[in-house]
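Trainee: I would like to take a close look at a single part of this model. Could you go through it carefully, with the cut-offs for each term?

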Amino acid sequence: MTAKIQLIGVKKRFGAKQVLDGVDLEIAPGTSLVIIGGSGTGKSVTIKSILGILAPDEGRILVDGEDVTHLRGRTREPLMRKFGMLFQGGALFDSLPVWENVAFGLIQGRGMARATAKDIAISKLSKVGLSEYVAYLSPAELSGGMQKRVGLARAIAADPEIIFFDEPTTGLDPIMADVINDLIVATVKDVGATALSITHDMASARKISDNIAMLYGGRIIWQGPTDQIDHSGNPYVDQFIHGRAEGPIKMAVRK
Amino acid sequence: MSRSDHLKDRMNIFAHIGRAVMDLLAEIGRLASFTGRSLAAIVSPPVYGRLIGQQFVHIGFLSLPVVGLTALSTGAVLALQIYLGGNRYGAEAIVPQIVVLAITRELGPVIAGLMVAGRVAAAIAAEIGTMKVTEQIDALTTLSTNPIKYLVVPRLVAAVLSMPILTAVGDSIGIFGGYTVAVQNLGFTGSVYLKNTVDFATSADIMSGLIKAAVFGFIIALMGCYHGFNSKGGAQGVGAATTNAVVSSCILILASDFILTAILFSA
């Protein structure tokens, strides 16, 4: 079976800093992979490279077996329709009411009639546990947890084949984080999508993933099923999942 | 300090100059590429009519009070100064002619341009800059929407269309300001003042001012969008982008005003 997403030797450098140094990754259709790793290890850069927001310096990115590394502009549009993304801060458009945020991809991206798109938006909002009342509020009037939910509703509005989650639980209290985790699992299953998430929240990673990959030093240093993470035998992974300051990973505190 | 240290110091200066020149060239390149992409996006579908309308209100309609007020006082001061200056040669009767010429050709578009630059370029840079640092621009991309087409094109089109209208309104108010001072304080007869104004101004005078205004509108929207798109970091980055947008659009307005005047009145 062809992998839904495949990265082959992806490299990306910013100035003197080699952020990605040959990332190889494969995600099977319908599975959920979580990339874990410390801050600044290139997790976001990996997702943004797949999305085409950043262009890798070297290597190839395949979606459904098709090389999409250098697709840009109009030729990229059909590919972008396969994607949905939940941003770390929600990234809701604050000039638009909640329902228009959710319906944005349908109206602007696919030219759907506003009335139809609005009905879909309201049904997607109910899927993430938000009432129709919320649909008419502005994003600034929502709490952090509600903004995440609206972001989730927006990500799944167009029934994408692949959904990306960028630190879905960051900035939320533990209970709300768990609610969001449950919602992610439920919605991904509901849409039947492949999911790629990045996080450093291990509770979230365990809950929403089938497989886990760890990014360190610009490469994937371990990858395996989620239930194997505690028996990885990899000292880097052990240090990270237990959150120890002492270990092979040296934090660049003295920079 | 030894000889080699001196040499190192001098090399450092060259390195600094070199780096500054390289940065400047890179900036010009980035701006040219941004302008090119924006112009290409204007002529390719889809057209966001709704957004152009909204921006027309923000950029054009809501700038009317500032432009009107500055035009009014400019016209009034101009009439007073020309009267006092002309008085030295016994040429004070020339007030209406000079006022209309100065306003339509020069002060109308330039003052409207500078006021709108302060109001609109700053607002655009702050809004787009905030969208940039909160990943809203990336979000547009993931929702199959071209950010240039969605954010830049409506602002460019609205600014280019509304600046000539603002300037025309400002011209009229400026001339009215001159008229009021001349009639109230300087002893001109209203009908004569107006007749002299209308007889003296040619359509070329007015048109040249409106063409300048359209160019200034383009500069204002482009600078606002460009600096917004390139803002970095958090609140500080957005603040810097806002300042740069206003300063660069004012400088470019004044520089292009000279070039445009040379071109428009060379024939």
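Which strands of chain A does helix 1 of chain A lie across, and at about what angle does it run to strand 1 of chain A?

Mentor: Before the answer, note that this is a predicted model, in which local features need pLDDT of at least 70 and side-chain atom pairs count only at pLDDT 80 or more, while totals for chains, interfaces and linings use all residues. Residues are numbered from 1 along each chain as its sequence is written, chains are lettered from A and ligands numbered from 1 in the order in which they are written, and side-chain values use heavy atoms, with hydrogens and water left out.

Helix 1 of chain A, residues 43–51, lies across strand 1 (5–14), strand 2 and strand 4 of chain A, and runs at about 115° to strand 1 of chain A. Helices (H or I, at least four residues) and strands (E, at least two) are DSSP runs numbered from the N terminus; contact means heavy atoms within 4.5 Å; axes are lines fitted to C-alpha atoms, for helices over the stretch in contact, with angles from 0 to 180 degrees between N-to-C directions.

The sheet in chain A is open and has 4 strands in the order 2-1-4-5, with antiparallel pairing, where two strands pair if DSSP finds at least two bridges between them. Strand 2 (17–27) and strand 5 (66–67) of chain A each have a single partner strand, so they stand at the edges, and one side of each is left without a neighbour in the sheet. Strand 5 of chain A pairs with strand 4 of chain A (residues 58–63) in the antiparallel sense, over 2 bridges, and here Leu62(A) stands opposite Asp67(A) of strand 5 of chain A.

For context from chain B, Thr167(B) lies in helix 6 of chain B and counts as buried at 0% relative accessibility, where buried means under 20% relative accessible area, exposed over 50% and partly exposed in between, with a 1.4 Å probe and protein chains only. Leaving aside neighbours within four places in sequence, Thr167(B) is in contact with residues including Gly108(B), Pro109(B) and Leu210(B). Phe14(B), by contrast, is found in helix 1 (residues 3–43) of chain B and is exposed, with a relative accessible area of 53%.
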